[in-house]
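Have a look at the sequence and the model below.

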Amino acid sequence: MGCPTTPRLLLIGALLLGSAQATVRPATLGKLLDLSEAVIIARVVHQETQATTSPLEIFTDTHLIVERAVAGVKLSGSLILRQRGGQAAAAGEVYTQKIFGQARLNPGERVLLFLERASAGNLVIAGMAQGKYLIEVDPKSGVEMARRDLSDVYVLQHRGEVITPPGLPTDQDFMPLDDLLALLRGGLRPAASVAVEPIRPMGARR
Amino acid sequence: MKLIKASSALLLCLSVAHAFVPSGSIWDFTTGETIPFIVNHTLSEDLEDEAALEMVLLSYDVWNRLTCATIEWSYEGRTDNFGWGEGDGLNVVTWRESNWGDSSVALGITSLIWDSGGSLQDTDIKFNGEHHQWSAFREGDNTVGRIDIASVGAHEVGHALGLDHSEVANATMWPTDLGGTMGRSLSADDIEGACTLYPSGGEVPAPEEDPILEEGTIQYDEDCSAERCAPGLFCLNDGLDLYCSQRCAPGDDEICGENHYCATLTPTSGACVRGVAPATQLGGLGDECGAVACQLGLRCVSDPEFAYAYCAGACANGTCPTDFVCTALEDGGDMCLRAPPPTQGEDCTAEGLCAHGYICLQDALNADQITGEPATYCTVTCADGACPDGFRCISLGGGSTACEMAPFAGENHDEVGEPCWIDPEEDWREPSCGGGLLCVEYQMGSDGPTERGYCTKTCTADDCCPDGWGCLEVTPVFGQCQDGASDSPGFACGGAEPAPDAEAPTPVDAAIPEPDPDAGLTAPPASDDGDDGCAQSGVSPAPLPLLLGLLALGLPRRRR
């Protein structure tokens with residue numbers, strides 16, 4: 001991130017809303033972490049779509065409020081992600097551009113995003129749809145869950161059966177947010193001795 | 001390119017259930033018309049231009065072959081047009097060897113633009129040559145770690161036709177490619193999708209057979225997120241990464257090599273994973289940790305109120321399971337922390353755990369009078385002999401000490417029948433019976449009391465015993481009240497009979513201690529002489545079995 005401490009950043013990206021298809025390499029959480037310049041939890045507050053003509057180009061700006069910097073560059077404040085695509089009027093016609101595989105951001109969503117700096121210099125969501133987790137509270141348990149939607153991504157993988165040792169999450173697309181954060185911290189990786197984290201509770205507990 | 005009017009009627013026909021999924025936008029053309037596309041002059045640097053172009057054209061041709069569909073892509077030659085995602089009405093294929101502009105893990109991206117009628121206007125495909133290597137997968141080609149252009153291309157062209165991802169495994173439009181050149185061959189579902197969107201009325205061809213997958217080549221500890229492992233290995237997910245692993249016997253880490261260990265998969269089999277061997281068990285919420293890791297979603301925390309680290313987790317909407325309290329942390333956030341642990345004198349039966357600095361003592365001398373269960377409470381050690389009020393220092397053996405709850409010490413038990421004790425360390429305070437009562441029938445060992453006694457009183461014919469108690473002669477001058485006994489003839493009650501408040505133990509045959517009038521109490525004299533002291537003091541000379549024990553002192557608990 002060019003200006004990591006600047007409250008408001010304009011990120012010019014090629015993040016596509018709507019429809020286009022993408023074939024991607026599978027990105028494990030470790031890979032996403034490696035790719036990412038920053039990992040944030042943010043809320044989508046607003047979107048604007050604009051179009052140009054000759055040639056027709058459609059872009060959507062998504063405004064995000066950063067709630068928490070999870071890893072990498074400590075982003076804060078608000079962000080604007082520019083993505084190619086969306087729906088806009090041009091030359092008397094309404095056009096829709098959709099790029100399948102891209103992470104779709106919708107106003108009101110609370111999301112965990114892996115942000116990768118593309119070689120063109122812009123920030124994009126790492127791994128396309130793989131780099132976005134939608135955070136929602138499970139109405140039954142009250143637990144915050146992190147879910148990602150990979151239905152638009154064509155994942156190029158021919159790895160065969162994957163074995164997961166007990167105690168580790170087998171589904172990386174849907175898990176409690178705390179588990180995801182623990183994975184990103186490395187807290188769930190096997191270790192000989194477990195780090196004990198001092199805590200300072202406030203006030204009486206009775 | 002022919003831009004054709006929307007065919008909304010056709011779109012409406014697509015509500016029937018199929019495994020293939022239409023994207024909601026299609027090309028609008030009639031039989032015989034074609035959809036032109038052009039290819040940029042610059043293709044992959046990984047192979048000859050001719051081979052790369054052949055594979056790009058094959059990507060379109062697999063769809064053109066369908067006799068049951070009107071699809072007709074037409075190659076219109078090469079172009080300098082490098083645009084992607086621009087609605088210029090040109091369907092362009094480009095290759096990006098630099099300035100990819102999207103996530104590096106993306107291999108190819110297709111952009112679709114359609115109008116308000118759902119009619120596709122522009123489809124561009126770009127391939128990522130900057131971050132990936134490509135191949136035509138012809139005989140003799142280097143295919144290791146390379147991507148098949150035609151497989152990715154056929155999938156992208158399927159999208160360019162308006163097909164979304166299929167729900168049928170192994171279909172070209174299935175969102176997971178199984179590798180090699182398998183994406184080139186259309187499955188029955190792919191064919192049905194294309195022929196439903198663009199029906200020609202022609203014969204539906206049989207699905208093409210997938211090529212046989214070659215053996216994997218990825219070696220031990222190498223990334224297998226996209227490719228298969230070499231024979232004898234398998235792909236392992238360690239939570240963050242996927243890499244090729246091998247079988248091992250639990251506990252046998254050597255076979256896994258440096259910086260790896262054998263993780264348990266089943267009680268009898270394991271897999272080599274990266275890192276250092278963890279403990280074999282994972283702690284649940286509230287379980288002690290440090291030597292063991294915590295289960296998924298829990299953190300091993302050091303809580304100042306506890307002597308040991310334990311696994312704690314986040315609150316759920318401010319709530320926590322039983323025995324846990326959602327507690328705000330000074331550093332922000334909150335966690336489900338263990339409920340405040342018991343301290344001095346508080347019961348620790350349930351968990352055997354006490355606050356930091358305390359031990360959980362099982363005290364048989366303070367057993368419940370009804371159930372006989374020993375009292376279990378938190379207390380401190382007393383190396384210097386000092387104990388809180390109401391407790392006394394005892395030896396637990398092996399040099400260990402504890403402040404034992406001194407039964408009834410310091411309390412006045414004013415009613416006949418109430419239990420009592422004597423404290424050999426502070427016999428001036430004892431017996432604990434108040435109101436001029438006697439403490440009798442207690443038993444003493446060399447290290448202190450071993451059985452409790454009960455409070456009673458002297459009696460005469462005028463000073464009656466409570467109901468149910470009789471006045472047994474001790475001397476011709478006075479007697480002593482005993483439960484369940486009858487009055488001795490010389491002390492038959494002639495006055496009022498107070499009712500006892502508490503149940504007294506059944507009297508046993510023992511000598512009755514004589515009150516010490518100088519002490520102002522009816523304390524039985526402590527005896528130094530085991531031979532006759534018992535007879536006079538009511539103290540048993542039997543060796544004292546130390547009935548105290550540590551129930552738990554920071555013992556780890558396991559919750560599976």
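Why is the disulfide of Cys465(B) and Cys481(B) left-handed? The torsion about the S-S bond of this pair is about -90°, so the disulfide is left-handed. A disulfide here is a pair of cysteine sulfur atoms within 2.5 Å, and the sulfurs of Cys465(B) and Cys481(B) sit 1.9 Å apart. Cys465(B) lies in the loop between strand E29 (458–459) and strand E30 (469–473) of chain B, while Cys481(B) lies in strand E31 (residues 479–483) of chain B, so the pair ties together parts that are 16 residues apart in sequence. Helices (H or I, at least four residues) and strands (E, at least two) are DSSP runs, numbered from the N terminus. Both Cys465(B) and Cys481(B) are buried, where buried means under 20% relative accessible area, exposed over 50% and partly exposed in between (1.4 Å probe, protein chains only).

Before going on, keep in mind that this is a predicted model, in which local features need pLDDT of at least 70 and side-chain atom pairs count only at pLDDT 80 or more, whereas totals for chains, interfaces and linings use all residues. Residues are numbered from 1 along each chain as its sequence is written, chains are lettered from A and ligands numbered from 1 in the order in which they are written, and side-chain values use heavy atoms, with hydrogens and water left out.

Over all chains, the count comes to 14 disulfides. Here are three of them, with their sulfur distances.

| Disulfide | S to S distance |
|---|---|
| Cys68(B) and Cys195(B) | 1.6 Å |
| Cys256(B) and Cys272(B) | 2.0 Å |
| Cys465(B) and Cys481(B) | 1.9 Å |

The link of Cys68(B) and Cys195(B) is right-handed, with 50° about the S-S bond. Cys68(B) lies in the loop between helix H2 (49–64) and strand E2 (73–79) of chain B, and Cys195(B) in helix H4 (residues 188–197) of chain B, so this pair ties together parts that are 127 residues apart in sequence. Cys68(B) counts as buried at 3% relative accessibility, and Cys195(B) counts as buried at 11%.

Then there's Cys256(B) with Cys272(B): the torsion about their S-S bond is about -75°, so the disulfide is left-handed. Cys256(B) lies in the loop between strand E11 (247–248) and strand E12 (260–266) of chain B and Cys272(B) in strand E13 (residues 269–274) of chain B, so the pair ties together parts that are 16 residues apart in sequence. Cys256(B) is buried, at 2% relative accessible area, and Cys272(B) is buried too, at 1%.

**Over to chain A**

Chain A has two helices and 15 strands. Of its 206 residues, 56% are buried. How much of helix H2 (residues 177–185) of chain A is buried? Seven of its nine residues are, so the helix is largely enclosed by the rest of the structure. Among the buried residues of H2(A) are Leu177(A), Asp179(A) and Leu180(A).

Three strands form an open sheet in the order E15(A)-E16(B)-E17(B), and the pairing is mixed. Its edge strands, each pairing on one side only, are strand E15 (197–198) of chain A and strand E17 (310–312) of chain B. Two strands pair if DSSP finds at least two bridges between them; strand E16 (residues 299–302) of chain B and E17(B) pair in the antiparallel sense over three bridges. Val301(B) stands opposite Tyr310(B) in E17(B).
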